[in-house]
Amino acid sequence: MTDNRTGKSYDVEIKDGTVKAMDLRQIKTDDEDFGLMTYDPGFTNTASCRSAVTYIDGEKGILEHRGIPIEQLTEHSNFLEVSYLVLHGHLPTQKEYDEWVYDITHHTYVHEMIKRFMDGFRHDANPMGMLLASVGALSTFYPEARDTSDEFQRYVSAVRLIAKMPTLAAFAYRHSLGLPYVYPDNDLTYTGNFLSMLFKMAEPRYEPDPRIEKALDVLFILHADHEQNCSAAAVRVVGSAINDPFTSVAAGVAGLYGPSHGGANVAVLKMLERIKSADNIPDFLQSVKDGNERLMGFGHRVYKNYDPRARIIRGHVDEVLEATGKSSPLLDVAIELEKRALDDEYFTDRKLYPNVDYWSGIIYEAMGIPTDAFTVMFAIGRTPGWTAQWMELMNDEEFRIARPRQIYTGPRQTDYVPMGER
Ligand SMILES: CC(C)(COP(=O)(O)OP(=O)(O)OC[C@H]1O[C@@H](n2cnc3c(N)ncnc32)[C@H](O)[C@@H]1OP(=O)(O)O)[C@@H](O)C(=O)NCCC(=O)NCCS
């Protein structure tokens, strides 16, 4: 590298297609100079870690967990097996799988005080805000998890997080409707039990519809991990201060809450409701092009092609509508809007294609899940990923506390002015 300011040349190693930002520090104009830094708002071209969890090729639309394509996982596996894979790095043997399912199933209950904690929220509290608070609160119920060097604590905290997330999510949902909480049913599958905790009323036993159970399980698999996105990065940044997994994953839930991340499926549905009818699509698209609107559920920082997750979940939409017996007028708007946008140079030139959130909202709505709770569904699916990212961070030989640099733009050395003189 040649510094054009000084004409000096430097050898900087290129490894795995990257240069180490710290190798640039030697590049100085004089001895007083701090040294060259990189500037990358939004981390658009900065690898923050080495990771073996998830591979994405955004140009080609490829997503693999531990090397296995997402298409194979959604077709042949289930969410709990994928959780094991994401967390442990390999598919379980039958014995490992049985033990894993047993462990998760036997950690689904939450402390009764968590119920009381939930009761403290207003009746119209956003379920995602409730989830964020209650996941953080779990750290106070398991203070031993703060010993992050203890292998057993790491493992049992991961199990607790994956097991309790649906219980917390369902309690948040029931609270918002003023319904009594439903305790976990250990005889149902992970997804079936979640549906039971959401929808069981007076019947002695809730029997989930297998088509809905499967579609929800697929949605959870599709969300299992997505490498270094906003929420995973939040988990790693907070975890790097040596925080337990509950505290770190609460940061992930907070990241996911935002409309540019997990909140996008809510925004999609609100957008479709506003468009209302296919006749209004041209005006809406014009407004997007004029910069007054964003086409929610389209575009992705990494995917510059059709999001493979969107393709898979699209395949379940009709089945879920058939199972619920509902017709969704918004589905027609969504189909037509997608078609028009994919035919429009404004979107194709910018490589804007549907992402997973474009279709997930339609499915959740058909299942009877209130819009505010959509992101909570995403959070359940993403929990193994957050936990795996945390685990990987803790085992990282290059572990450092996250502490970015800045370019200071404010004033310097100004004098304090007493109140009366301002
Ligand atoms: C996901 C998202 C935040 C990625 O943002 P990003 O990587 O920073 O992309 P940029 O904002 O740089 O977009 C590049 C261009 O496409 C446009 N663009 C991106 N997403 C767009 C969208 N959903 N609708 C309309 N235009 C969009 C930008 O305006 C920009 O256009 P320009 O080059 O004329 O300025 C963004 O695509 C978005 O807001 N999508 C909608 C929200 C969503 O569905 N999020 C879920 C992600 S899973």
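Modeller: Happy to! Let me begin with what pairing means here: two strands pair if DSSP finds at least two bridges between them. Please keep in mind that this is a predicted model.

The sheet is an open one of three strands, in the order E3-E4-E5, with antiparallel pairing. Strand E3 (54–57) and strand E5 (68–69) are at its edges, and each has a single partner strand, so one side of each lacks a neighbour in the sheet.

Now look at E3 beside strand E4, which covers residues 62–65: four bridges join them in the antiparallel sense.

Thr 54 and Ile 56 make up the covered face, while Tyr 55 and Asp 57 are on the uncovered one.

Stepping back, the secondary structure of the chain amounts to 17 helices and five strands. Its radius of gyration is 24 Å, close to the 22 Å that the globule rule gives for 422 residues, so the chain is as compact as a globular protein of that length. The C-alpha trace spans about 75 × 60 × 55 Å along its principal axes, and 39% of the 422 residues count as buried. Of the contacts between residues at least 6 apart in sequence, 74% link residues at least 24 apart.

One helix is worth a visit too. Helix H5 (residues 127–141) has 15 residues, which at 1.5 Å a residue should span 21 Å; the C-alpha atoms at its ends are 20 Å apart, which agrees. Its buried residues include Pro 127, Met 130, Leu 131 and Val 135. Among the elements covering the buried residues of H5 are helix H4 (112–119), helix H6 (151–177), helix H10 (245–257) and helix H17 (374–394).

Finally, the ligand: 15 residues surround it, the closest being Ala 264, Leu 295, Gly 299, Arg 301 and Arg 350. By type, the shell around the ligand has six nonpolar, five polar and four charged residues.

Conventions. Residues numbered from 1 in each chain as written. Predicted model: local features only at pLDDT ≥ 70, side-chain atom pairs only at ≥ 80, totals over all residues. Helix = DSSP H or I, 4+ residues; strand = E, 2+ residues; numbered from the N terminus. Near = placed C-beta within 6 Å. Nonpolar A, V, L, I, M, F, W, Y, C, P; charged D, E, K, R; others polar. Expected span 1.5 Å × (residues − 1). Buried ≥ 20, exposed ≤ 12 C-beta atoms within 10 Å, placed from the backbone. Contact = placed C-beta atoms within 7 Å. Rg over C-alpha atoms; globule rule 2.2 N^0.38 Å.
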